[in-house]
Amino acid sequence: VQLVESGGGLVQPGGSLRLSCVASGLIFKMYDMSWYRQAPGEARERVATIIRIGGSSTVYADSVKGRFTISRDDAKNTVYLEMNNLEPEDTGVYYCNALSATNWPGYWGQGTQVTVSS
């Protein structure tokens with residue numbers, strides 16, 4: 001199983017980024033997909049989740065509600081995180097996670113760095 005994140009970078013406050021995570025080696029539609037982030041010196045926290053098979057249900061951390069949108073394309077084995085109105089507090093390494101009923105704590109990608117700074 002491999003998860004590969006991309007789309008991170010340096011952006012000014014108020015800017016936008018779109019992260020992508022491409023999965024291989026698994027039946028993608030059978031997994032709940034999540035984005036986590038970890039700031040320096042902080043614990044990893046869940047940012048957003050989209051459930052398996054259809055992806056009509058999503059969950060967001062309070063800190064990103066109204067600014068971030070998670071979506072998935074099961075035909076492309078890809079999950080996205082659209083991030084708008086970015087704040088310096090959003091800085092961190094963003095990780096993709098694939099979780100099913102049998103693989104706790106899930107599969108992880110290598111992460112992509114997001115830096116929000118003027």
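**Entry 1: strand 9 and its neighbour**

I started with strand 9 (residues 92–99), which pairs with strand 11 in the antiparallel sense over 3 bridges. I am working from a predicted model, so I keep that in mind throughout. I picked out Gly92, which lies in strand 9. Its bridge partner in strand 11 is Val114.

Is Gly92 buried or exposed? Gly92 is buried, because its relative accessible area is 1%, and the cut-off for buried is under 20%. Leaving aside neighbours within four places in sequence, I found Gly92 in contact with Gln38, Ala39, Thr112, Gln113 and Val114. I also looked up Gly41: 51 residues separate it from Gly92 in sequence, and the two C-alpha atoms are 10 Å apart in space.

**Entry 2: strand 11**

Next I followed strand 11 (residues 112–116) along its length. In a regular strand the side chains alternate between the two faces of the sheet.

I then turned to an open sheet of 4 strands, with the order 1-3-8-7 and antiparallel pairing. Which strands stand at the edges? They are strand 1 (2–6) and strand 7 (68–73); each has a single partner strand, so one side of each is left without a neighbour in the sheet. On average, neighbouring strands of this sheet are turned by 15° against each other, direction ignored.

Inside the order, strand 3 (residues 17–24) and strand 8 (residues 78–83) run antiparallel and are joined by 6 bridges. I could spot Ser20 opposite Tyr80 of strand 8.

**Entry 3: the core**

The largest nonpolar core has 28 residues. Which of them touch the most other members? I wrote down Trp35, Val79, Leu81, Met83 and Tyr94. At least two core residues come from each of strands 3, 4, 5, 7, 8, 9 and 11, and strand 3 gives the largest share, 4 residues.

I clicked on Tyr94 to see what surrounds it. Not counting residues up to four places away in sequence, Tyr94 touches a list of residues including Leu19, Trp35, Val47, Phe68, Leu81, Met83 and Val114.

**Entry 4: Asn97**

Back in strand 9, I found Asn97. Asn97 counts as buried, at 2% relative accessibility. Its side chain reaches the backbone oxygen of Tyr107 at 3.4 Å. Among the other residues in contact with Asn97 are Leu3, Asp32, Ser34, Tyr36 and Trp108.

**Entry 5: aromatic pairs**

How many aromatic pairs does a search of the whole structure find? It finds 3. I looked at Tyr31 and Tyr107, a tilted pair with 6.0 Å centre to centre and 40° between the planes. Tyr31 sits in the loop between strand 3 and strand 4, and Tyr107 in strand 10 (residues 107–108), 76 residues apart. Tyr31 is buried at 12% relative accessible area, whereas Tyr107 is partly exposed at 30%.

Tyr95 and Trp108 make an edge-to-face pair, 6.5 Å centre to centre with 85° between the planes. Tyr95 lies in strand 9 and Trp108 in strand 10, so this pair ties together parts 13 residues apart in sequence. Tyr95 is buried, with a relative accessible area of 14%, and Trp108 is partly exposed at 33%.

Methods: Residues numbered from 1 in each chain as written. Predicted model: local features only at pLDDT ≥ 70, side-chain atom pairs only at ≥ 80, totals over all residues. Heavy atoms only, no water. Pairing = 2+ DSSP bridges. Buried < 20%, exposed > 50% of the residue type's maximum accessible area, 1.4 Å probe, protein only. Contact = heavy atoms within 4.5 Å. Axes fitted to C-alpha atoms, helices over the stretch in contact; angles between N-to-C directions. Polar contact = N/O pair within 3.5 Å; in protein donor to acceptor, adjacent residues only side chain to side chain. Core = buried A, V, L, I, M, F, W, Y, C linked by side-chain atoms within 4.5 Å. Phe/Tyr/Trp six-rings, centres within 6.5 Å; stacked < 30°, edge-to-face > 60°.
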